[in-house]
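Could you have a look at this structure with me?

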Amino acid sequence: MSITAVVKKNTYFDSVSLMSISTRANQLPGVEQAFVAMGTEMNKGVLSNLGLLTADLGAAGTGDLMIVVEAGEGADHAALLSEVEELLVQKAPSARGGADTVTYRTVDSAARAIPEANLAIVAVNGAYAGREARKALENGLHVMVFSDNVPIEEEVRLKQLAHSKGLFMMGPDCGTAIINNVALCFGNAVRPGTVGVVAASGTGAQEVSVRIHALGAGISQLIGTGGRDLSEQVGGIMMIDGIRALADDPGTSVIVLVSKPPAPAVQDKVLAEIAGAGKPVVVYFVGGSEETVTAAGGHFAASTQDAALQAVRLGVDAHAAVDELAAKQVDEVCARLSPEQRYVRGLFCGGTLCDESMYALLEVSDNVWSNIQKDPGRRLTAGSSSVGHTFLDFGDDDFTNGRPHPMIDPSLRLARLVEEAEDPQVAVILMDFVLGFGAHEDPVGVTLPAIAQARKIASDAGRHLEIVGYVLGTDLDTPALAEQVAALEAAGVTVTRSSTETGHFARETARKAHRA
Amino acid sequence: MSTQATSLFTSDLSVVNVGLAMFDRDLTAQGAQVTTLDWTPPGGGSPEVLAALDALEDPRVAERTDAANAEAVDRIVGARPMLVGFGRAIDVVPGMTPTTILHAGPPITWDRMAGAMKGAVTGALVFEGLARDLDDAERLAASGEITFSPCHEHDCVGSMAGVTSASMYMHIVRNETHGNTAFTNLSEQMAKILRMGANDESVIERLVWMRDVLGPMLKEAMEIGGPVDLRLLLSQALHMGDECHNRNIAGTLLLTQALTPALLQTSFTTEQKKEVFDFIASSDYFSGPTWLAMAKAAMDAAHGIEGSTIVTTMARNGVEFGLRVSGLPGNQWLTGPAQPVIGPMFAGFRPEDAGLDIGDSAISETYGFGGFAMATAPAIVALVGGTVQEAVAFTRDMGEITTTQNPNVTIPALGFEGIPTGIDVRKVLATGILPVINTAIAHREAGIGMIGAGITHPPAAVFEQAARALARTVA
């Protein structure tokens, strides 16, 4: 051990700086102990206790700086000393945490500081989402709850609170809305227009907005009410408020309602609003009845495509039209299947897309199984193998608990695609690819390797496996619709033009495959 | 519905984004205004704490709580603590006896005390003549004949070990607005001192001189000079770059300026007066304890308001951190483990030498200065990492967990905003921001003293306990 001591005459540092310098000096490599302090009696006392007080140091005054470095044998004292002296020269402060950036930790503080704030998006774990939504409503903000797994009792309380304050409480469990031409959470780039949508279904809402865009029209407002809004418990609170808001909105000429099958009593309550809207209202409730809608004064739609078409015809362009599915296309596919290949397997990201295809197939077969089947006898869980015709909604809570939505993280669906390809009874695999804000940046690209693998498994076993893909998106989305369609076609995938057409394709191939 | 919806449909979107940063990017790309929160699960994510927080935030409860808190911060802001005199603890402190030793923080027994506190206790017993030497003092301390009690339970605060014995001289600070009085002992100045756990002959000698010369001279000076408005002095000291907890240069000058004319008129000899002025000049900490008594006088006035979630005491005994909340009246301590203090150290010491957080001095932060006013003291930014921006960020963060700003004590660099005032238990849990405390570091062993300074935080557990206890009282 050897010691070097230096006294710098008339060099003053305040005690806090010296503590900081001393601490850093002690961390220098090679330093056993460093002591940087003013020559006060107290500091000299400490040095004396440590046995380090030389005559030079003892003579130091209160305005003199003392530097003492203790290092191992053979250390380069001159170098160490100059390193310590470098610490005395203050560097410019780092740019970390600029003075102008203000961050807020709570909805309360953000709402207080930003008086023009008018909407909150809540996308935190479902256990905390209700609380954050409540805070936002209490601060007078409209709310979009993106989170899944929010208890339904909490949803009811929040919607009652929102209703009492005249605010929207969109979601949970339906992360789609377009307000003032801005898509919130999951949404597509569609042109502005006069069609207003209230939807209790996320991908259902996306599909309708995209189809309206494809017909040359646009969206005024799209209010996503949450997937459970039309359940018995919630009672359609937000859909009713949404209808009223669009009825009052001068920018909206026609209203479209979209939902998975509603609770009957709630359906009646919602349909009762139609008469007073003063604008045409098109209703697409998956599996809904024409009579009920017509009796309430609404325009019944049998599909998402039909809903979009009717809305555009009623509010924008009376001559709008879409092409039908060509029977020839189905015949060609069926001709390539072996007699054993009888079943359709749908692997969906979008709940309503899944539901719509499933309902189309239910028209020709009872042997339809799903994790979102209304018939509890034919319900599957996330862990079950496929049975007969199987439709899986990978966006359902059962699959998403603790993991991102399949529109962001496709891994579960990719594994299932390969698994289904092994089953010799499978004729057609349906898949949706959802583009837009919040979605995966290249949903087709990320699936192509699994598609190739699935096709190889089938062809190695001497089968033709028909993969049918539908891309939900517009020419304004990134990536654009055409790009994704081209990539699917290049991979040998049959591409359908709408969610409705996907269902029709599934129904017709199943019908023909059964007949054969 | 219609008016709110119509106004949304006709306004530009300004979104508060809670949770997913990716939505910020998407919304910004579409031309919307977005503010993304720096969000963490409230209550540390514990369902039990969250339930307590929800109970406290229930609108009907919150309305009463907000009113109670408004009353509490009104009292803090409105308190006018005046230095009115000095006197021996046995003569002025409620409940003091010749064999009582007051200490910092929540209640603690001799066997569990930290090294610094044990050092201070044994030194005090020798100083009082109750023990022959330090060994004898240890025996006596363990014998059960000494009454240990928290300073806070006797209208007192004590910095670091807080050890206060019968014949020590105390500041007497009277809150003119609310009529209550607070006490604290005199600064011993330098590092090797009783309150830091040092107890050798030089320490005892200094205490004897403080008892026989400094204390009586201050007492007489106050009788001549009359009351000193401490809130005014504190406010001026902040404007001069002190945060009045770890930096006390300006405050010491101001206090000395106020006391000097009267000190000169006392009946003591010129030699003794010179000793006092030399003592004051020997370090910058002379006014340190004075501000603690000032804060204590204000915070006691805010304690015991039914339903209030305002923190009125943060105090540490070197083993446990203790919290008291206005709505939990009397001496209901919520405790958790004392935390390490992070910061630079005197030459010759290392982090492993440091004792845990100790002292009643966090009454500074409870009132709103110290760490809460870090933005006003750029000279000591080394304590918080090194940059002025970081110091400002500390003050801004404290604004997130407090109820109001004190218009009587302001920060020039922040456009004369008042110091963040009235820590709200609900806000601490909702934001996950813990109060920041500037403090000194005492050696972990008895007999050594101060070895550094830095910052620390209370353990989150004390706020969680507070929320549960408060939720029970409102339920």
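This is a predicted model: local features need pLDDT of at least 70, side-chain atom pairs count only at pLDDT 80 or more; totals for chains, interfaces and linings use all residues.

1. For chain B, the mean pLDDT is 95, with 99% of its residues at 70 or more.

2. Let us turn to empty space. Rolling a probe the size of a water molecule over the atoms shows where empty space is left. How many cavities of 30 Å³ or more does the structure hold? There are 5 of them, and the largest cavity has a volume of about 180 Å³.

3. What surrounds that largest cavity? Its lining is made up of 17 residues. To find the spot in your viewer, go to M168(B), N185(B), L186(B), E188(B) and L207(B), which lie nearest the centre of the cavity. Helix α8 of chain B, residues 201–225, gives the largest share of the lining, with 3 residues. By residue type, the lining of the largest cavity has 8 nonpolar, 6 polar and 3 charged residues.

4. Next come the aromatic rings. A pair of aromatic rings is described by the distance of the centres and the angle of the planes. Over all chains, a search of the whole structure finds 9 aromatic pairs. One of them is formed by F146(A) and F23(B), an edge-to-face pair with 4.9 Å from centre to centre and 80° between the planes. This pair crosses between chains: F146(A) is in the loop between β5 (142–145) and α7 (152–165) of chain A, while F23(B) belongs to helix α2 (residues 21–29) of chain B.

5. A second pair worth a look is F348(A) with F391(A). Their ring centres are 6.4 Å apart and their planes meet at 15°, so this pair is stacked. It links distant parts of the chain, 43 residues apart: F348(A) is in strand β14 (residues 343–348) of chain A, and F391(A) is in strand β16 (residues 389–393) of chain A. Both F348(A) and F391(A) are buried.

6. Rings also take part in contacts with charged side chains. In chain A, R413(A) lies over the face of F433(A), 5.2 Å from the ring centre. In chain B, the charged end of K118(B) sits over the ring of W110(B), at 5.1 Å from its centre.

7. Now for the backbone. Most residues other than glycine have a negative phi, and most peptide bonds are trans. Against that background, the peptide bond from G171(A) to P172(A) is cis, with omega near -5°. P172(A) is placed in the loop between β6 (169–170) and β7 (176–179) of chain A. The peptide bond from T478(A) to P479(A) is cis as well, with omega near -5°, and P479(A) lies in the loop between β18 (466–472) and α18 (481–490) of chain A.

8. Which residues have a positive phi without being glycine? Among them is D173(A), with a phi of about 70°. D173(A) is in the loop between β6 and β7 of chain A, and its relative accessible area of 28% makes D173(A) partly exposed. Another is N181(A), with phi near 70°. N181(A) lies in the loop between β7 and β8 (182–185) of chain A and counts as partly exposed at 43% relative accessibility.

9. M239(A) is in helix α9 (residues 237–248) of chain A and is buried, with a relative accessible area of 0%. The C-alpha atoms of M239(A) and Q425(A) are separated by 42 Å, and the two residues are 186 residues apart along the chain. In chain B, I411(B) is in strand β13 (residues 402–411) and counts as buried at 0% relative accessibility.

Terms used. Residues are numbered from 1 along each chain as its sequence is written. Chains are lettered from A and ligands numbered from 1 in the order in which they are written. Side-chain values use heavy atoms; hydrogens and water are left out. On a 1 Å grid over the protein atoms alone, a cavity is a set of points where a 1.4 Å probe fits but cannot get out, and a pocket is an open set with protein on both sides within 12 Å along at least five of seven lines; lining residues have an atom within 4 Å of a point. Grid points are joined across faces, edges and corners, and a volume is the space filled by probe spheres set on the points. Helices (H or I, at least four residues) and strands (E, at least two) are DSSP runs, numbered from the N terminus. Ala, Val, Leu, Ile, Met, Phe, Trp, Tyr, Cys and Pro count as nonpolar, Asp, Glu, Lys and Arg as charged, and the others, Gly among them, as polar. Rings of Phe, Tyr and Trp (its six-membered ring) pair if their centres lie within 6.5 Å; planes under 30 degrees apart count as stacked, over 60 as edge-to-face and the rest as tilted. Buried means under 20% relative accessible area, exposed over 50%, partly exposed in between (1.4 Å probe, protein chains only). A charge sits over a ring if NZ of Lys or CZ of Arg is within 6 Å of the ring centre and within 35 degrees of the ring normal. pLDDT is the predictor's confidence in each residue, from 0 to 100.
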